[in-house]
Amino acid sequence: MSGNYVLTLSCPDRPGIVAAVATTLANVGGNILESQQFDDQRTGRFFMRVLFAGVDGRVLDEHDLHGAIGAIGVPFAMDWALRPAAAPYRTIVMVSKFGHCLNDILFRWRTGGINMDIAAIVSNHRDLEPLARSYAVPFHHIPVTADTKADAEAQLSALVDDLGVDLVVLARYMQILSDDLSAAMSGRIINIHHSFLPSFKGAKPYHQAFARGVKLVGATAHFVTADLDEGPIIEQDAIRVDHRMLPQDLVRAGEECEERVLARALRWYCESRVMIAGDRTVVFS
């Protein structure tokens with residue numbers, strides 16, 4: 001896949017978009033390997049993801065590609081992005097004290113399961129520093145209090161800029177990001193949480209769920225917005241539980257669900273398969 005590119009685009013729906021994209025890629029020597037599209041009749045917008053490479057292994061010129069796609073982007077009012085398919089997404093993973101999602105992400109990253117490059121791990125506690133060290137990933141301890149929140153976010157923003165970060169993952173990071181930071185990194189921060197919200201907020205949600213006799217535990221991966229835990233959803237899943245399970249059983253079932261849901265969301269995002277459509281997402285999975 002070293003010579004493959006991914007083109008993603010969205011624009012107002014109208015006739016001729018697919019033909020224009022296919023013709024443009026053919027004119028620069030591109031061969032379409034995979035194409036997915038969605039016409040959102042709710043909003044009247046068209047979404048498309050195209051994986052392509054040079055004909056007969058030809059190496060395509062990225063400058064020429066940008067110029068050709070930009071030429072059709074203007075008349076169609078396209079929002080578009082072009083990326084080498086093999087280019088990993090530079091990522092910062094943020095955690096607090098729960099390490100199950102971080103551990104899962106690190107293993108998948110190290111074994112090539114997610115197309116990302118983990119540039120740093122950031123935490124408001126030091127509990128998971130040994131885990132980061134075992135994977136030789138730089139660990140940044142940034143404590144957060146009510147008085148230091150603005151400074152902590154300034155440190156995070158500086159890291160994002162200095163490390164050339166594409167994506168920030170909140171892998172059970174138990175701090176709320178400010179509206180300003182959420183807006184500045186819109187579409188670039190993914191969070192994972194248990195799906196009981198808003199029914200079981202606060203401490204020990206699985207214990208609250210146990211007390212209410214729930215029959216399902218689940219998880220949601222979503223983009224972070226100023227509206228707490230209400231950003232566009234990327235992926236969800238649930239596990240059926242029963243009366244025999246103790247609170248600790250629910251906790252572990254929920255953690256396993258969180259790991260799977262977050263891993264799928266990150267894999268799709270890092271393959272340029274996730275596009276934001278207002279308060280929803282289009283996921284070309």
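**Helix packing and its surroundings**

Modeller: Let's begin where A20, V21 and T24 of α1 meet A68, I69 and I72 of α2, a meeting being a contact, or heavy atoms within 4.5 Å. This is a predicted model, in which local features need pLDDT of at least 70 and side-chain atom pairs count only at pLDDT 80 or more, while totals for chains, interfaces and linings use all residues. Residues are numbered from 1 along each chain as its sequence is written, and side-chain values use heavy atoms, with hydrogens and water left out.

Helix α1 spans residues 17-27 and helix α2 residues 62-73, and their axes come within 10 Å and cross at roughly 160°. Helices (H or I, at least four residues) and strands (E, at least two) are DSSP runs, numbered from the N terminus. Axes are lines fitted to C-alpha atoms, for helices over the stretch in contact, and angles run from 0 to 180 degrees between N-to-C directions. The angle therefore makes α1 roughly antiparallel to α2: under 35 degrees is roughly parallel, over 145 roughly antiparallel, 65 to 115 roughly perpendicular, and the rest oblique.

Strand β1 (residues 5-12) holds T8, which counts as buried because its relative accessibility is 13% (buried is under 20% relative accessible area, exposed over 50%, partly exposed in between, with a 1.4 Å probe and protein chains only). Leaving out residues up to four places away in sequence, T8 touches M48, R49, D79, W80, A81, S272 and M275.

Helix α7 (residues 205-212) packs against α8 at about 120°, with the axes 9 Å apart, so the two are oblique to each other. This crossing is also described as right-handed. Y206, H207, A209 and F210 of α7 make the contact with P247, L250, V251, G254, E255 and E258 of α8.

The largest nonpolar core has 46 residues, of which I105, L106, I118, I121, L262 and L266 touch the most other members. Such a core is a set of buried Ala, Val, Leu, Ile, Met, Phe, Trp, Tyr and Cys residues joined through side-chain atoms within 4.5 Å. Helix α8 (residues 247-269) gives the most to this core, with nine residues. Apart from it lies another core of 21 residues, including L7, C11, I17 and A20.

I105 belongs to the buried residues of helix α3 (residues 100-110), which are H100, C101, L102, D104, I105, L106 and W109. Beyond its neighbours within four places in sequence, I105 is in contact with V93, M116, I118, V169, A171, L262 and L266. Among the elements covering the buried residues of α3 are β5 (89-95), β6 (116-123) and α8.

How values were computed: A crossing is left-handed if the near helix is turned anticlockwise from the far one by less than a right angle, and right-handed if clockwise.
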